[in-house]
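Biologist: I'd like to learn how to read a model like this one. Could you walk me through it?

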Amino acid sequence: MTSSNRTGPWSGPAIETAGLVKTFGDNRAVDGVDLRIEAGTVYGLLGPNGAGKTTTVRMLATLLRPDGGEAHVFGHDVVREADTVRSRVSLTGQYASVDEDLTGTENLVLLARLTGHSKKASYDRAGQLLDAFGLAEAADRQVKNYSGGMRRRIDIAASILNTPDLLFLDEPTTGLDPRSRNQVWEIVRAVVAQGTTVLLTTQYLDEADQLASRIAVIDKGRVIAEGTKGELKASVGAGAVHVRLRDAHRRPEAERLLRRALDAEVEPEPDPVALTARVGNDSGDGGAVAEKASRALAELARAGITVDNFSLGQPSLDEVFLALTGKHEHTGATSPAEQTKEATA
Ligand SMILES: Nc1ncnc2c1ncn2[C@@H]1O[C@H](COP(=O)(O)OP(=O)(O)OP(=O)(O)O)[C@@H](O)[C@H]1O
Ligand SMILES: [Mg+2]
C-alpha cells in the first residue's frame with residue numbers, strides 16, 4: 001500500500017484503510033474501520049448521527065490525525081504524505097467553505113485565483129460552474145442570501161473548481177427539498193463522469209442507493225455491513241407498500257387480498273383506512289417489488305375496493321439498522337423516498 005518506488009499512474013484503490021481509529025477522550029468515534037474504495041466510483045458511507053462518518057472523512061482528508069491503523073489515498077499515507085494527499089482531494093463538508101459575504105462569482109473566482117488560475121481563466125471557470133449549477137441568476141448575490149439548496153450547490157461548485165481526483169461529500173443533501181436533492185445528485189453524477197472518485201456520507205438510504213455503487217453501513221465507529229447496493233438491500237428487504245383505502249369497512253378484505261398478492265406481512269395502521277405491507281426481496285432489485293405492487297393494486301380494483309393513495313417506500317435507515325443489528329437506531333432522519341415516490345391510484 002505504499003507509494004515508494006512507484007512511477008506512472010496509480011492503479012490501486014482510491015482509498016484503502018486498515019483498522020483506522022480515532023478517539024476523543026473515552027469515545028472511540030472511529031473504532032477500527034477497514035475500507036477499500038475503487039477509483040472512479042461513488043462509495044457511500046451510510047450511518048446515523050454520531051456514527052463516525054465525518055471523523056472518518058476528516059482523517060482521509062488529512063484534517064485529523066488517526067490514533068490507530070492506517071489509511072492510504074491513491075497509495076499515499078494520509079499522515080506521512082499528507083501534502084500529496086491534500087493535493088489530490090477536495091472536501092465539501094457539513095460545514096462549508098465559501099465566504100458568506102462574497103457573491104457566488106466572487107467566491108469561485110477567489111478560490112480559482114488562490115489555486116493559480118489566471119484572472120481570465122478564473123472568471124471563465126466561475127461562469128461555467130455557476131451556469132452548470134443553475135446559479136447564473138444568483139451569481140452576483142451574496143452567498144448569505146442564498147437558499148439552503150443554492151448554498152449546497154455553491155459549496156460543491158467550489159470543491160470541484162479544479163476537478164479533484166477524489167471528492168468527499170459529507171451529507172451533501174441533508175435538509176434540502178426533493179428538487180434540490182435531485183439537482184445535487186445530477187451534479188455528483190456529472191463529476192463522477194469526469195473520472196473523479198466520490199466518497200459520499202449520508203443518513204439517507206435512498207441517496208446512497210441513487211449514487212453509490214458500494215455502501216458501507218457504519219454505526220458507533222464500526223462498519224456493520226458492506227457491499228453492493230443489491231447485496232445490502234437484499235439483506236434488508238425491499239421496503240414497504242403503503243395503501244390508503246376510500247372505505248374503512250373494506251379494510252379487512254383488502255388486508256387479506258394484499259397479503260396474498262404481495263406474499264408479505266400486512267399490518268393495519270392506526271389510521272382506519274391505512275395498511276402497510278413489508279415486502280422482502282431476495283434479488284435486491286426494486287423492480288420486482290414494483291411489479292408485485294401494481295398487480296396487487298389491480299386486484300384491489302377488480303374487487304371493487306377503491307384506493308385513494310398508494311406509495312412504494314424504500315426501507316428507511318431505521319429499518320436497515322433493525323435488519324442488520326436487530327435493534328432500532330433512532331436517527332431522526334426519515335427517508336425522503338417515502339414522500340417523493342407517492343402515486344395516487
Ligand atoms: N472534535 C471532536 N471532539 C470530540 N468529540 C468529537 C469530535 N468530533 C466528533 N466527535 C464525536 O465523535 C463521534 C462521531 O462523530 P462524527 O461527527 O464523526 O459523526 P457523524 O457520523 O458524522 O454524524 P452526523 O451524521 O451527525 O454528522 C460522535 O460521538 C461525536 O460526538
Ligand atoms: Mg457528520
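Biologist: Among contacts in the chain between residues at least 6 apart in sequence, what percentage join residues at least 24 apart?

Modeller: A contact means heavy atoms within 4.5 Å. Here 68% of the contacts between residues at least 6 apart in sequence join residues at least 24 apart. Some ground rules: this is a predicted model, where local features need pLDDT of at least 70 and side-chain atom pairs count only at pLDDT 80 or more, while totals for chains, interfaces and linings use all residues. Residues are numbered from 1 along each chain as its sequence is written, chains are lettered from A and ligands numbered from 1 in the order written, and side-chain values use heavy atoms, leaving out hydrogens and water.

Biologist: How many helices and strands does the chain have?

Modeller: Helices (H or I, at least four residues) and strands (E, at least two) are DSSP runs, numbered from the N terminus. This chain comes to twelve helices and 15 strands.

Biologist: What share of the residues is buried?

Modeller: Buried means under 20% relative accessible area, exposed over 50%, and partly exposed in between, with a 1.4 Å probe and protein chains only. Of the 345 residues in the chain, 51% are buried.

Biologist: Is helix α5 largely enclosed or open?

Modeller: Eleven of its twelve residues are buried, so α5 is largely enclosed by the rest of the structure. Those buried residues include R151, R152, R153 and D155 as well as I154 and I156.

Biologist: And what does I154 touch?

Modeller: Leaving aside residues up to four places away in sequence, I154 touches V98, G104, L108, L130, L135, V143 and Y146.

Biologist: Which residues have the most contacts inside the largest nonpolar core?

Modeller: A nonpolar core is a set of buried Ala, Val, Leu, Ile, Met, Phe, Trp, Tyr and Cys residues joined through side-chain atoms within 4.5 Å. The largest one has 43 residues, and L108, F133, I154 and V198 have the most contacts inside it. Helix α6 (residues 178–193) supplies the largest share, six residues. Apart from that core lies another of 26 residues, V73, F74, V89 and I218 among them.

Biologist: What about α9: which of its residues are buried?

Modeller: In α9 (residues 251–262), the buried ones are R251, A254, E255, L257, L258, A261 and L262. Just after α9, D263 takes a positive phi of about 50 degrees.

Technical notes. Expected span 1.5 Å × (residues − 1).
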